[in-house]
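Thanks for asking me to look this one over.

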Amino acid sequence: MSTAITMASMSTYAILGCGSVGHAVAEDLEEEGKDVLILDMDEGRVEALRDQDMDARTADIREASVVDEIADRDVVLILSSDVDANMAAVENIRDRGGEQFVVARASDPVSADDLAELGADVVINPSTVIADSALRALETGELEYKTGKLAEILEETSSKLAILTHRSPDPDSIASAVALKAIAEAHDVEADIVYDGEIGLQENRAFVNLLGIDLVARSDVDLDDYDTVALVDHAQASEPAVDRRIDIYIDHAEPELEYDARFEDIRPNISSTSTILTKYIQEFDLSLNEEVATALLYGIRAETLDFKRDTTPADLTAAAYLYPFVDHDTLEQVESPSMSPETLDVLAEAIRNRDVKGSHLVSNAGFVRDRDALAQAAQHLLNLEGITTTAVFAITEDTIYLAARSKDIRMNIGAVLDDAFGDIGEARGHSTDATVEIPLGIFTGIETSEDNRDTLLALTEEAVRRKLFDAMGVETGDSNGS
C-alpha cells in the first residue's frame, strides 16, 4: 500500500464479490456516504444491487482486467465466498502494481496465510469473526446477569456490608474493596472495608493515605453487626476469613478454600480483581469519582507490574476506561513514595551482604523492625546490572522474613520459594514476586535470645542462601559479586 494513502483519506471503495457479507459491508459504506463500486459475476445479483441504486457491474474477479476497473479506488474489499477467486484477485492487483489497501476474505487459517503472502493488507475469516462476536455477546450477557444478582444481594442488605480484603492487603485487594463500596453506596447500602494484618510497604500506605481510603481493622469490628459479608481478592487465603456464610466473593484467581458464597465471580482469565470491579462499575453505569478511578487503575497496574505480567485485553480495556477519570498527580505520588531511613538502612545492608551467582542475587539484611523494607530492597536490587532475580531476608523477633523478585521469564519465583521453604514456612506470591515467613525455631532448632542473636543470624544466612540457590538451580560454588 502506498504511503501516500492514509486511512483518513480513504473515501472510494471497490467490493469484489458481493454475497451476504459484501452486501452488508456495501450498505454500511453507502450509509456513511462512501463511493462504492461493486463487481460480481452473478448477473441477477448485480441487477438487484442496481435496483437499490448501488453502482454494481458484472465481472469475474479472477480476470486481470478487473484491476483496470478498480484502479481509481483507495480500498479494495475482496469478499467472495470463493477463496480461490479471492486469491486470484489479490495476486492480480499486486502483480499489476496496485497500491490500494486490500482487505481479503479467507475461509480458514491456511487460506488466511496464503492471502497475506499474496499481499492482502488485512485478512478476515468470517467464522472467526462470528465466533468472536458470539463470545463477546456471551460475556456481555453473563456480566449483565451477574450484575443483576449482585444488585439483588445489595438490595437485600438491611443494615451494613462488610468488605474483607485479604490479610495485609495489596493495592489490588484494597482497590477492589473501594470499588465494591462505591457500588454498595450507589444502592444505598453502608459499607466498611475491613482488613486483617498490616498495611505493608510504603507504596501501600501512601496509596491508602493519599486517596483517603477508610479502612477498619478486623480487631475493631464484630462481623455479627453486618448482615452481608463480601470477600474480594482472597484466593490465597490458607484459612477461612470468617466463621460464617459468605454472601459475595469476587476474585481473579481460583480460591484455595471452598467458600460456597451466595454470589461468586471468579475469573482466572483476568489478571486483577480491580479489572472485574471496573466492569461492574461500567455495567452499573456509575459516575466515577477520582478516588475510585485512581484506586482501580493503581490496583490493575500494581497487580500486572505496570502491564508487564500476565496482562490480558480485559485489563488493558479497563485501564483505558479508567484513565480519563484518574488523578494522575496523586497516582504519581503513590507510585513514588519517599523512602524511610530504615528502608535505606536495610537496602544498604542488603547491598553490602549480597551474594551473586550468575544473574541471581541473595542477601541478608540482618535484624530488622520493618519487614516491608525487604520487598523494597529486593525490588531496588533487581535494577543492578546483570541481575534477573533477587531475594532479601532478615530476622524479626522469632521469624525469618524473605522477599524475592524476578524478571527472568524462565523462573517462577513463587514456586522457587515454595520448593525451598514450603515444608517449614508459608510462601505467597506470583511468578515475579513472592514472600515467605519461616518460624525461626523450626528453621534453626534454637530458641531466640539476646545471647545467641549472632549465632542465629549466621546459621540462618548459611542455610537460607544454600536452600535458595539450590531451588533456583544454581551451583553453589564461588560467588561473583559479593
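**Notes on the predicted model**

1. Let me start with helix H9. Its buried residues are covered by a set of elements that includes helix H6 (126-155), H7, strand E11 (248-251), strand E12 (263-266), H10 and H11. Please keep in mind throughout that this is a predicted model.

2. How many of the residues of helix H9 are buried? Nine of the 11 residues in this helix (residues 273-283) are, so H9 is largely enclosed by the rest of the structure. If you want to click through them, the buried residues are Thr273, Ser274, Thr275, Ile276, Leu277, Thr278, Lys279, Tyr280 and Ile281. After H9 comes aspartate 285, which has a positive phi, near 55 degrees.

3. Next, the nonpolar cores. The largest has 53 residues, and Phe207 and Ile213 are the ones with the most contacts inside it. Helix H7 (residues 171-186) gives the most to this core, contributing eight residues. There is also a second, separate core of 24 residues, with Val362, Met411, Leu417 and Ile438 among them. As general background, nonpolar side chains in soluble globular proteins tend to be buried together.

4. Phenylalanine 207 deserves a look of its own. Which residues is it in contact with, leaving aside its neighbours within four places in sequence? They are Pro171, Ile174, Ala175, Ile213, Ala295, Tyr298 and Val334.

5. The crossing of H7 past H8 is right-handed.

6. On the H10 side, Ala293, Leu296, Leu297 and Ile300 meet Asp315, Ala318, Ala319 and Leu322 of H11. This contact has seven nonpolar residues, one charged residue and no polar ones.

7. The other pair is helix H4 (residues 83-95) and helix H5 (residues 109-118), with axes that come within 9 Å and cross at roughly 15 degrees. H4 and H5 are therefore roughly parallel to each other, and H4 passes H5 in a right-handed crossing. H4 brings Val83, Asn86, Met87, Val90, Glu91 and Arg94 to the contact, while H5 brings Ser111, Asp114, Leu115 and Leu118. The class count here is five nonpolar, two polar and three charged residues.

8. Threonine 165 sits in the loop between strand E7 (160-164) and H7, and histidine 234 in the loop between strand E10 (228-232) and E11. Is histidine 234 buried or exposed? With a relative accessibility of 4%, histidine 234 counts as buried, and threonine 165 counts as buried at 4% too. Not counting residues up to four places away in sequence, histidine 234 touches Leu164, Thr165, His166, Ala241, Tyr249, Asp251 and Tyr259.

9. Finally, please check leucine 201, in the loop between strand E8 (190-195) and helix H8 (202-210). Leucine 201 is partly exposed, with a relative accessible area of 21%; the cut-off for buried is under 20%. Its C-alpha atom is separated by 9.1 Å from that of leucine 374, which lies 173 residues away along the chain. Leaving aside neighbours within four places in sequence, leucine 201 is in contact with Asp372, Ala375 and Gln376.

Key: Residues numbered from 1 in each chain as written. Predicted model: local features only at pLDDT ≥ 70, side-chain atom pairs only at ≥ 80, totals over all residues. Heavy atoms only, no water. Core = buried A, V, L, I, M, F, W, Y, C linked by side-chain atoms within 4.5 Å. Buried < 20%, exposed > 50% of the residue type's maximum accessible area, 1.4 Å probe, protein only. Helix = DSSP H or I, 4+ residues; strand = E, 2+ residues; numbered from the N terminus. Contact = heavy atoms within 4.5 Å. Axes fitted to C-alpha atoms, helices over the stretch in contact; angles between N-to-C directions. Parallel < 35°, antiparallel > 145°, perpendicular 65-115°, else oblique. Left-handed = near helix turned anticlockwise from the far one by under 90°. Nonpolar A, V, L, I, M, F, W, Y, C, P; charged D, E, K, R; others polar.
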